[in-house]
Amino acid sequence: MGWILVVIILLPLGAALAVAALPRESAAGSVRPLALGVATLELAFAIWTAVAFKTGNAHAGFQFTSRQSWIGPLGISWYVGVDGISLFLVTVTALLFPIAMASPPVRRSPHAFYGWMLLLESACMATFLSLDAFLFFVAFEVTLVPGYFLIVGGEGPRRAYAATKFFLYTFAGSAFLFVGIIFTYILVQGHEPHGTAASFNIVSLARGTVNLPVTDQELLLVAFGIAFAVKMPLVPFHTWMPDAYTESPTGVSMVLAGVLFKLGAYGILRWGIFLFPLAAVQLAPLALTLAVIGVIWGSVVAAMQRDLKRLVAYGTIAGVGFIVVGLFGFTSQGITGGIVEMINHTLVTGALFLLVGMVWERRRTYAFSQLGGLQTVAPVLGWVFMVVVLADIGLPGLNGFIGELLVLIGTFITHRWWAVVATSGAVFGAIYLLWAYQRVFHGPARAVNSTVRDMTWAERAAVAPLLAAIIFIGVYPQPILSRIEPSVDHLVAHVEAANPGFKIPAKARGRGTFVVPKDQVVEVVAPPGPAPAKTAAAKPATKGGAK
Amino acid sequence: MSGGTYLVAAGCTINDITGKISGLCTAKGSIHISINYPALVPFFVLGGGALVVLLLSAVLPKRPYRGLWAGLTVAAGVGTVVDGLVQWQQLNGSSVTPVTLGDQLFYDHMGAFFAVLFGVATVAGAAISDGYLEREGLDGPEPYVLMLSCSLGAVLMADAAGFVTLFLGLEILSISLYAMSAYHRWRAASGEAGLKYLILGSLASAIFIYGAALIYGATGSLQYLGVVSFLADNALFQNGVLLGGMVLVIVGLGFKVAAVPFHFWSPDVYQGAPTPFVGYMAAVAKAAGFAGLLRVLMLALPTLESTWRPIIWVLATLSVVFGSILALVQVDLKRMLAYSSISQAGYVLIGLQAGTAQGVRAVAFYLFTYTFMVIGTFAIVGVLQGRGEARNDLSAVRGLASRSPWLAGAMLVLMLGQAGIPLTSGFLGKWVVIEAVLGQGQYELALIGMLGAAVAAFFYLRVALIMFLAPESPGAPAGGAVTLSATGGPGAATAGGGPSDGGPESSEPGDSGWAAGAGRAYSGSDLQAIVTAGLSARDRALALRPPPHTRVRVPAATAAVIAVCVVFTVFAGVSTPVLSWAHAIALPWSA
């Protein structure tokens with residue numbers, strides 16, 4: 001069934017091209033139904049994939065793989081596949097896009113909005129599904145172009161500034177990834193037996209990288225990490241983010257915050273930790289510190305905002321911090337929790353931006369000073385907002401609880417103090433979100449606020465799938481966890497095998513005997529010692545013109 | 001002693017009846033040159049084409065058929081492409097580097113590759129020149145003769161196996177380009193461009209030939225293979241002369257490819273010269289210069305690699321950094337593209353700097369794909385600027401997406417391609433360049449290059465932004481959100497007389513009222529700040545002008561060229577063939 005992932009990637013791409021080719025005037029009315037139809041079809045394919053995905057420890061590897069030589073002389077192939085780590089990111093992405101597209105379009109030209117959205121969906125899917133580093137980078141980078149034009153198509157007063165900043169920050173970050181990927185390939189090739197051509201395929205890269213000296217691994221992980229940290233964004237690299245999210249129209253903020261930043265978090269897991277397990281453990285304190293700073297700082301800054309949309313935007317920084325805390329715990333629970341948090345975050349942030357957009361539709365302002373008392377005039381909107389806020393805070397019975405609990409348990413086992421500090425994030429999160437809720441919905445409804453209408457049926461229909469998913473994951477996470485865990489256990493074992501000095505307690509290793517297909521086995525041949533061997537980067541003979 | 005053969009010199013005999021020579025004459029006094037005619041076909045085609053155009057122009061009436069000269073040039077270009085491909089096929093499998101014409105020319109895959117490149121550039125250049133020259137009232141055979149001879153010089157540079165041949169090609173190419181730059185009779189800027197190019201170009205040629213002379217003095221040979229074999233057999237105690245010669249040759253060729261700090265001519269020339277010729281020149285002069293550099297550095301002076309690689313390192317870094325940064329502050333599109341092409345040359349230099357087979361592959365691939373991107377871009381600028389090259393500033397593209405969506409889409413692809421966004425050939429080009437340089441372990445250079453690309457992305461995006469967002473605001477003056485200080489005509493540098501049959505302003509009714517309404521479409525957002533970021537006060541006013549009101553008229557041939565360039569830019573970015581060619585060229589160099 002390898003074709004299904006190809007369809008998932010190419011269907012929105014084809015639709016985007018079709019939208020671009022449709023005549024401007026005569027077909028203006030048919031663009032929206034076409035785009036929504038394609039996005040819904042895409043969701044159907046994504047759900048089909050999740051249902052057909054084989055669970056159990058015998059299926060920890062990539063499923064539905066399809067592989068095709070692409071650019072032969074460079075060792076580049078079309079190689080896509082899905083495992084427990086990427087499976088539900090694909091599903092929630094497919095869920096969020098039709099809802100984001102159904103939000104009221106803000107552009108004069110529907111062609112541009114829907115065309116770019118479909119292209120963005122295709123690129124996001126390709127990023128999650130690609131198992132070839134080149135293909136991954138292409139998809140990762142292509143998301144910038146639709147992202148740029150979508151932000152710039154909004155109506156915020158500083159949208160061009162925000163879009164340009166978004167593009168340049170991420171593009172500059174990607175420069176490091178670009179160099180990192182190629183350098184990884186070259187170092188791996190240097191370690192290949194003579195005459196064997198290396199490739200950008202993730203498995204063969206990993207076979208080489210786990211045996212690289214630790215300094216090389218660290219350098220490369222930092223290069224990868226900068227790109228992903230900008231995209232996520234982790235704290236020192238985040239300044240593009242509040243502008244970009246705030247200036248975008250509702251649907252665009254939804255996918256930017258809900259999907260695009262997950263590309264970074266997913267990237268650090270799939271391409272950072274998996275390729276450089278040794279360096280990942282070495283640099284974990286750094287990553288965890290940045291993440292914990294993000295959790296606290298994002299919450300505090302969010303609490304200080306006077307604008308609802310900026311508050312939600314800063315809140316995502318805290319959410320990202322939490323995810324990274326989970327990933328760099330290197331335990332089965334921690335990483336599973338991190339992935340569940342990614343899924344949650346997509347749902348919750350998507351829903352929050354959708355609801356914030358509804359507030360905007362009614363009041364044309366995000367300022368807390370202008371809002372208040374909406375609960376009495378728009379009770380459904382108020383209650384839905386409340387549920388989403390509680391899910392974000394981590395109320396048991398809603399999805400946030402599952403993720404946060406797993407993250408904190410998992411990371412506590414190996415990196416105790418970071419987990420302890422991060423726990424305070426849950427408290428801060430409760431403060432800024434509940435306070436925001438209170439300021440917008442409680443109190444007397446003065447003046448214009450008293451005439452606000454409640455959610456329409458169309459709006460309820462848009463938010464319903466997100467709410468359903470939030471509650472479903474909260475009460476019955478088993479089908480999701482059982483699909484995620486084998487792949488995570490595989491990753492944890494991989495990290496442990498590559499780190500002779502790093503022992504993960506048995507209870508944090510997952511349930512043991514997973515199996516991956518033969519062509520996906522990565523063996524750590526020689527556990528590398530701490531002393532760095534001669535690296536290609538430091539060879540004076542080849543350094544050439546540097547002096 | 002009749003009817004037999006006799007010995008004239010050691011190693012060869014001449015039959016006195018048939019005059020047939022057998023064997024290889026090596027002795028003094030005997031003049032015999034073995035000629036491999038298939039290697040010379042591109043010269044016959046291009047030179048013959050130039051002569052045919054010249055002769056026909058003498059016998060035919062002044063304006064015979066519209067498009068005749070361009071058609072003949074296109075035919076010669078196609079002939080060159082076809083011959084290049086035939087040569088490629090015939091050479092298949094030969095790994096040695098054969099020489100011909102008395103060791104003056106290489107006949108190898110690389111030569112065939114560049115012949116195809118120059119043929120393509122000739123076809124595209126001639127096709128886009130036709131509409132331009134007609135619009136400007138400059139139609140005539142001369143530019144096509146010059147273009148063909150320029151291509152001939154370029155092929156000669158790429159095939160040259162010695163410094164004399166290289167210099168010959170360089171001069172044929174340069175002199176044709178000087179004349180082409182100055183060809184727009186009614187624009188003062190064009191004459192200025194030609195003169196500047198002539199003076200600085202001659203200086204560079206002099207520097208080059210002096211360098212070649214020094215190398216000859218040090219090694220006793222003008223042939224690359226002679227130089228390399230001398231350096232392999234002899235150890236020089238004092239190699240100052242040789243190094244000096246090498247540096248001067250690099251300077252001379254670095255001038256042709258417009259590498260910083262030898263780039264000063266290029267913005268002025270790009271801005272002043274007729275637009276289609278600039279596209280052609282940017283592709284051909286650059287590729288020819290790099291072909292020459294590649295052969296000189298890697299075939300003649302591989303033993304000095306540790307010396308020339310740092311030099312190229314510096315040139316590459318400066319070109320990427322300064323090209324990108326200086327392009328940010330340009331309001332004139334052609335000038336901006338000049339700096340952009342300087343930074344693109346920096347990437348080719350990065351590939352060259354690797355000094356490996358992968359570097360050769362990267363250089364070849366980058367140059368081939370850049371040819372399409374740059375010619376396509378200048379073709380679009382050429383149709384947008386309107387009669388008399390009236391509008392070259394950024395505002396000329398304003399609102400293009402609504403005025404002419406297909407053209408805007410094409411421009412977008414070409415801009416993204418040059419910025420190095422994936423799924424375009426520009427991205428794959430950067431990929432192979434960086435791979436080559438990382439193969440040598442130089443991650444600093446790779447990072448400088450890619451961060452330079454991030455800077456460059458800004459000005460490419462700015463063009464896209466202006467095209468897609470700024471709506472047309474018809475000349476009706478309305479209270480603008482900004483006050484614009486500038487007054488005066490449409491741009492200082494591009495001013496000058498218009499074509500005799502129609503004033504320069506005739507294509508732009510309402511131009512006088514632009515200043516008042518300029519800021520209107522941008523009010524209420526910060527678009528204006530992005531559009532004018534980095535520009536000086538006067539340039540800001542230029543960039544905020546309303547777009548020209550005339551309909552954009554794209555001649556059919558130009559449209560076809562633009563379409564081909566766009567399709568190729570995407571095609572080469574997602575597929576193998578071009579890369580495989582570049583790979584095949586690089587194979588003999590990996591030994």
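**Figure 1. Left-handed crossing of helices H11(B) and H17(B).** In this predicted model, H11(B) and H17(B) cross with left-handed geometry. The contact draws on B:Trp313, B:Thr317, B:Val320, B:Val321, B:Ser324, B:Ile325, B:Ala327 and B:Leu328 from H11(B). From H17(B) come B:Leu445, B:Ile448, B:Gly449, B:Gly452, B:Val455, B:Ala456, B:Phe458, B:Phe459 and B:Arg462. By class, the residues of this contact are 12 nonpolar, four polar and one charged. H11 spans residues 305-328 of chain B and H17 spans residues 443-468 of chain B. The two helices pack at an angle of about 20°, and their axes are 8 Å apart. Angles under 35 degrees count as roughly parallel, and H11(B) and H17(B) are therefore roughly parallel to each other.

**Figure 2. Packing of helices H12(A) and H18(A).** In chain A, helix H12 (residues 277-304) packs with helix H18 (residues 416-441) at an angle of about 20°. The axes of H12(A) and H18(A) lie 8 Å apart. The pair is therefore roughly parallel. H12(A) makes a left-handed crossing as it passes H18(A). On the H12(A) side, the contact residues are A:Pro285, A:Leu288, A:Thr289, A:Val292, A:Val295, A:Ile296, A:Ser299, A:Ala302 and A:Ala303. They meet A:Trp418, A:Val421, A:Ala422, A:Ser424, A:Gly425, A:Phe428, A:Gly429, A:Tyr432, A:Trp435 and A:Arg439 of H18(A). The contact of H12(A) with H18(A) comprises 13 nonpolar residues, five polar residues and one charged residue.

**Figure 3. Crossing of helices H3(B) and H22(B).** Helix H3 of chain B covers residues 109-136, and helix H22 of chain B covers residues 577-586. Their axes come within 8 Å and cross at roughly 145°. The crossing of H3(B) and H22(B) is left-handed. H3(B) contributes B:His109, B:Met110 and B:Phe113 to the contact, and H22(B) contributes B:Trp581, B:Ala582, B:Ala584 and B:Ile585. Six of the residues in the contact of H3(B) with H22(B) are nonpolar, one is polar and none is charged.

Figure 4. Most peptide bonds are trans. The bond from A:Met232 to A:Pro233 is cis, with omega near 0°. A:Pro233 sits in the chain A loop that joins helix H9 (214-231) to helix H10 (240-247). In chain B, the peptide bond from B:Val260 to B:Pro261 is cis, with omega near 5°. B:Pro261 belongs to the loop between helix H8 (240-256) and helix H9 (265-272) of chain B.

Figure 5. Most residues other than glycine have a negative phi. A:Arg364, a residue other than glycine, has a positive phi, near 55°. A:Arg364 is placed in the loop between helix H14 (332-363) and helix H15 (374-377) of chain A. Its relative accessibility is 48%, so A:Arg364 counts as partly exposed. B:Leu423 has a positive phi near 75° and is a residue other than glycine. The loop that holds B:Leu423 lies between helix H15 (405-419) and helix H16 (425-439) of chain B. With a relative accessible area of 34%, B:Leu423 is partly exposed.

**Figure 6. Loop position of A:Tyr476.** A:Tyr476 lies in the loop between helix H19 (457-475) and helix H20 (478-498) of chain A. A:Tyr476 has 46% relative accessibility and so counts as partly exposed. A distance of 8.9 Å separates the C-alpha atoms of A:Tyr476 and A:Gly397, which are 79 residues apart along the chain.

Figure 7. Chain A contains 20 helices and two strands. Chain A has 547 residues, of which 64% count as buried. In chain A, 81% of the contacts with a separation of 6 or more are between residues 24 or more positions apart. Chain A exposes about 17,900 Å², 67% of it supplied by carbon and sulfur atoms. Chain B contains 22 helices and five strands. Of its 591 residues, 60% count as buried. In chain B, 79% of the contacts between residues at least 6 apart in sequence join residues at least 24 apart. The accessible surface of chain B is about 19,900 Å², and 67% of that surface belongs to carbon and sulfur atoms.

Conventions:
Residues are numbered from 1 along each chain as its sequence is written. Chains are lettered from A and ligands numbered from 1 in the order in which they are written. This is a predicted model: local features need pLDDT of at least 70, side-chain atom pairs count only at pLDDT 80 or more; totals for chains, interfaces and linings use all residues. Side-chain values use heavy atoms; hydrogens and water are left out. Axes are lines fitted to C-alpha atoms, for helices over the stretch in contact, and angles run from 0 to 180 degrees between N-to-C directions. Helices (H or I, at least four residues) and strands (E, at least two) are DSSP runs, numbered from the N terminus. Angles under 35 degrees count as roughly parallel, over 145 as roughly antiparallel, 65 to 115 as roughly perpendicular and the rest as oblique. A crossing is left-handed if the near helix is turned anticlockwise from the far one by less than a right angle, and right-handed if clockwise. Contact means heavy atoms within 4.5 Å. Ala, Val, Leu, Ile, Met, Phe, Trp, Tyr, Cys and Pro count as nonpolar, Asp, Glu, Lys and Arg as charged, and the others, Gly among them, as polar. Buried means under 20% relative accessible area, exposed over 50%, partly exposed in between (1.4 Å probe, protein chains only). Accessible areas come from the Shrake-Rupley method with a 1.4 Å probe; for residues, only the protein chains shown count as cover.
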